Amino acid sequence: MSPSLLDVSSVRDYLSRRLLCQVATEHKAVALTFDDGPHPRHTPWLLDMLAAKGLKATFFVVGRRVRRYRDILARTHAEGHEIGNHGDHHVPLSALPDALIARELKVCGKLVEGVTGQQPRFMRPPMGWVSDRVLSVARNLDYEPVIGSIHPQDSRQPGVEVILRRLRRRLEPGAIIILHDGGWRIGASRQQTLQAIDTFTDELLAEGYTFPTLSELVDMAGTVKDPA
Ligand SMILES: [Zn+2]
């Protein structure tokens, strides 16, 4: 499944019945989530921006990147952000046998635990590739699988204005926003993501929104939004 399928409403309904996509809450709160890092340049820029505005986010990290940029993960954790598991090699988990799905999650989970002292609460399947098997293996390892509700496809670099339009269109309390600080190629630019999120968070702050970590957002509501 390609990420663009997340924008098809029937697929979104299917997913939201099986894993966390959005949180039901009356609070003006959204969770910013960033995938595929840590990245040696983009993640520190992003951390600086979040710190300057007093915002929290959740970072779904890839094990092989954590091995290289452990210090950036340590900073991310020290500054109060939440860390999620995005697999060890960023491969489509539903294409793997159960033992390898477990291995992808266990290896990344151990790397994160080595920095934060605990296994992440959430996992996000790379590229949105999920199946009942993936969900069952993840839950057996005590992970809560999560996708999200707003996916502006920032990693395709469609332009800052396009990213902003997509973010604004689906904005509502309890939204989980999928963005990228890392990338397939270490040289990939995330300038558009950083610019868009800078503007978007200013707009939301002016409207009275808060930016909790994913755990804080989920615990704020206690229940997952019913798609029906
Ligand atoms: Zn990813």
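Which residues of strand β2 point one way, and which the other way? In strand β2, residues 58-61, T58 and F60 point to one side, whereas F59 and V61 point to the other. In a regular strand the side chains alternate between the two faces of the sheet. All four of these β2 residues are buried, a term that requires 20 or more other C-beta atoms within 10 Å of the residue's own, with exposed meaning 12 or fewer, partly exposed lying in between, and C-beta atoms placed from the backbone.

The model is a predicted one, in which local features need pLDDT of at least 70 and side-chain atom pairs count only at pLDDT 80 or more, while totals for chains, interfaces and linings use all residues. Residues are numbered from 1 along each chain as its sequence is written.

The chain has 9 helices and 6 strands; helices (H or I, at least four residues) and strands (E, at least two) are DSSP runs, numbered from the N terminus. Its C-alpha trace spans about 45 × 45 × 30 Å along the principal axes. Of the 228 residues, 45% count as buried.

Strand β2 has a partner in β1 (residues 31-35), with which it pairs in the parallel sense over 3 bridges; pairing requires that DSSP find at least two bridges between two strands. Here D35 stands opposite F60. The chain passes from β1 through helix α2 (residues 42-53) to β2 in a right-handed β-α-β crossover, meaning that, with the strands pointing away from the viewer, the path from the first strand over the helix to the second runs clockwise.

Strand β2 also pairs with β3 (residues 82-85), in the parallel sense and over 4 bridges. F59 stands opposite I83, and F60 stands opposite G84. In β3, E82 and G84 point one way and I83 and N85 the other, and all are buried.

The loop between α2 and β2 contains L55. This residue is partly exposed, because 19 other C-beta atoms lie within 10 Å. Leaving aside neighbours within four places in sequence, L55 is in contact with L50, T201 and F211, where contact means C-beta atoms, placed from the backbone, within 7 Å. L55 and T210 are 155 residues apart in sequence, yet 7.7 Å apart in space, C-alpha to C-alpha. Among contacts in the chain between residues at least 6 apart in sequence, 79% join residues at least 24 apart.

Technical notes:
Contact = placed C-beta atoms within 7 Å.
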